[in-house]
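Subject: Handover of a structure, with notes on what was found

Dear colleague,

Please find the structure below, followed by my notes, which are meant for someone who has not worked with it before.

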Amino acid sequence: MMQILCDAGESAQPWMDDSTLMVTAARLATIKDTLNANWRDVSSMKAGGVNSLLFYLINSLQLCLTRIEDADKVLCGSEAARARSRSLEILADNSTSSFLHETYLKTNLKGQSQQTARRQQLRYRCFRWSKRLAISCAIGGTIFLGLDKTKNLTSTENRTNGLRQCTKLCGLFFFSSMASRRIELTRLRHRIADSVSSLSMWQQKWIIVNSLLQQNSIHNSTSYSQLISEPSERNTNEHKKQNSRKLLEAIPIQSNKGAFWYSQGALRLLIVRRVMDLLYASVGTAVDATGPSGCCGLWVPLSGLSAAYYAIAGSEITSHRAAAAVTEPSMDFIKRAWGMVNAPPVKWLAFEANKLLKGLKVAERIMIAGVPCLVLSHAARPSLASAIKRNQRQKKRNLNLTKIVEDVNSPSHKNLKPKAINFSNFEDYNVILHCTGGGWFVHSTATDIPFLSEWSRRTNSVVILPEYSLLPENRFPVAINQICDVYCALSSGKAGAQFGFHAKSIVVTGESAGGNLASALIVKLLHDKIVSLKNELSKKKPRSARSKENLTVSSFTEESHLERRRTNSTKNQSGSVSLPDGLLMSCPVLNLTLSLSPSRIIGIGDPILPSGLITMISDEYLHESSGYTKEHPVASPYFASDSILAVFPKTLIWVSGNDPLLDDSVDFNTKLRRVGVDSKIHAAQNMPHAFLGLGQAGFNETKMVHESIIAWLLEIEQQEQAEQ
């Protein structure tokens, strides 16, 4: 853009330090005719896209220039801008030496315009109040003289009544003037906010066009279309990052204004945005005031007071404070903002309330493979309930017993042989292994239990929630290793032998960060050779080769799928581990790199999951000291090889149309379908990120999503029964 301006003979004036927007708008107006004549020339899509965006930018900047001039007149007076320009020109001309001129401009004149504007605003405010008071007194005096001449106010009582009437009229005019001023400022604020939103939208489109122009950095490793660009140092290195992206990340989050013509879904989404702004603003204020220590819990009441203030202050102040908090968030901020749903009292209350309201017959905490897990079941499971109680009693007894040292070399010990597990005496349960979300900082157990209880009731399944270790103490790969240990114990039958059941089928589910763990579990099973990739591939019959652009892939036939299920069932009883029967993800985090994509650009200022939070969570979960890159397939399943993706189970992905991570799921679904996996993706409109827990809050869209998920789970169960 600056090159175009230079070619047009326009050069920057450095003394206009805080009037860049007005100067840019004026200069771009000089090339508007040229762009207007050429922007529709789409013979070259690259040039056509850039020219159309520049033309759109000129119109947006001219509108912003009008808004700035209106604000200048309202706040500082009609002649304030000219007065500032004349004063700065005089100051700039006073330095004669070119070296001294440049040094003086950089050190002394920078910010002079803003300081001058503040003085003008103060003087204009005093003038406005004096003028308002003078006019009120003049009106009151004129009315009193008129009453005196017409009614001849000679008595003291009549004069007093006349003064009272005049005072009321003066007060009415005075407060009407104040109300008119307030309305004028409100309208001005809304117009400026609309202009900022317009510029933000232009920034997003500009980055998308630029990313498409850079063919060497996008689609360079695949022969098919994908939305997320390849990882690049420009996404992480601040010195190499595009200026337009830096500006876009610096734009404050804008809260939408309410309107009576919004649909119910859009209005509910607007309420969620407002609540998240309020949460981030209040917690950010409390964290800044109390520091990392929290002042012995003082941050909690301070957050409440801050929330009360921001609820009254208005959406603009709240959204700007929330933007400041999430631009570069700290771990203390994340733990306190999101940790409310992870607090023990909240989790206990949600646990007990759902036991009562949802009618859960089994709701206990157990240990599977050394990982604490929550077990939920709507149906009565006598064997499972008795096994859980037996293990709890055994655990209490073990705490009271002294340690007994055994001689492992004794003949009696050598003659001991491991006892084979007889699965025929165990009940067959359908198991849902659910990985909670929360950005690896918290567990979303409190919000997940209500809909998981419904899943258990409708599908007659046992739901298991592993409470894996969290950040910042436990980084990658601790969480995925614990999830893998729990799954292997369930799939091999070790957990079933301990708790008296046999996992007939296992469906792995997860939302947000839990979606990452759910998909990474399958990748890890194959990547670490816990499940033989060669054997899984051999069960699939290759189909005819595709065109040269596409890879040769294979798909399941009915016979091969049936053979695989029978083989997995046999292996399950022999203590081996098999792949899950299904994979369900909601708004998953599948790509931990900071590469750009349309949804990530458009959602860079998302009130719920802005780019600052995404960057912070990604860097903390996969820390640079861990020795793993963000392209590791277990950390980012997006980068798993086609051979691993080809043996993925039946997959269902639910996403939000407003989610910044939407393109992660779209690209991942494309990769799965290309290699023959039965994968489907659905998008819910007017829903925020990680929306499955909002069904209890009156979101009808979420209830429809749950109906679709339950139907999909029942379909897997029916397919399992038909194959057996």
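K650 is buried, with a relative accessible area of 13%, where buried means under 20% relative accessible area, exposed over 50%, and partly exposed in between, computed with a 1.4 Å probe on protein chains only. Its side chain meets that of E715 in a salt bridge, with N and O 2.6 Å apart; the term stands for a side-chain nitrogen of Lys or Arg within 4 Å of a carboxyl oxygen of Asp or Glu. The pair links distant parts of the chain, since K650 belongs to strand β9 (residues 650-656) and E715, 65 residues apart from it, to helix α27 (residues 700-723). E715 itself is partly exposed, at a relative accessible area of 36%. Helices (H or I, at least four residues) and strands (E, at least two) are DSSP runs, numbered from the N terminus.

Please keep in mind that this is a predicted model, in which local features need pLDDT of at least 70 and side-chain atom pairs count only at pLDDT 80 or more, while totals for chains, interfaces and linings use all residues. Residues are numbered from 1 along each chain as its sequence is written, and side-chain values use heavy atoms, with hydrogens and water left out.

Salt bridges

A search of the whole structure finds ten salt bridges. Among them is the one between E454 and R457, whose side chains meet at 2.6 Å, N to O. These two residues are three apart in helix α17 (residues 445-459), and so are separated by about one helical turn. E454 counts as partly exposed at 22% relative accessibility, and R457 counts as partly exposed at 42%. Another salt bridge joins K524 to D528, the closest N and O atoms being 2.6 Å apart; here K524 counts as buried at 12% relative accessibility, whereas D528, at 35%, counts as partly exposed. Through shared partners, salt bridges also join E454, R457, R458 and E707 into one network.

A buried arginine without a partner

R132, which lies in helix α7 (residues 112-151), is buried yet has no salt bridge, and the nearest side chain of opposite charge, that of E184, is 7.9 Å away. Leaving aside its neighbours within four places in sequence, R132 is in contact (heavy atoms within 4.5 Å) with F173, F174, S177, M178 and R181.

Aromatic pairs

The structure holds twelve aromatic pairs, a pair being two rings of Phe, Tyr or Trp (its six-membered ring) with centres within 6.5 Å, called stacked when the planes are under 30 degrees apart, edge-to-face when over 60, and tilted for the rest. The rings of F174 and F175 have centres 5.9 Å apart and planes at 90 degrees, so this pair is edge-to-face. F174 counts as buried at 17% relative accessibility, whereas F175 counts as exposed at 57%. F476 and Y628 also form an edge-to-face pair, because their ring centres are 5.0 Å apart and their planes are at 90 degrees. F476 lies in the loop between β4 (461-466) and α18 (478-492), and Y628 in the loop between α24 (611-621) and α25 (642-645), so the pair ties together parts that are 152 residues apart in sequence. F476 is buried, with a relative accessible area of 5%, while Y628, at 34%, counts as partly exposed. Together, W440, F476, Y621 and Y628 form one aromatic cluster.

The sheet and its helices

An open sheet of eight strands has the order β1-β2-β4-β3-β5-β8-β9-β10, with mixed pairing, two strands being paired if DSSP finds at least two bridges between them. At the edges stand β1 (362-368) and β10 (679-684), each with a single partner strand, so one side of each is left without a neighbour in the sheet. Within the sheet, β3 (residues 427-435) and β5 (residues 501-511) run parallel and are joined by nine bridges, and the bridge partner of E427 in β5 is F501. Helix α20 (residues 513-527) packs on the sheet, touching β3, β5 and β8 (582-586), and its direction makes about 130 degrees with that of β5; axes are lines fitted to C-alpha atoms, for helices over the stretch in contact, and angles run from 0 to 180 degrees between N-to-C directions.

Terms used. Lys, Arg positive; Asp, Glu negative; His and termini not counted.
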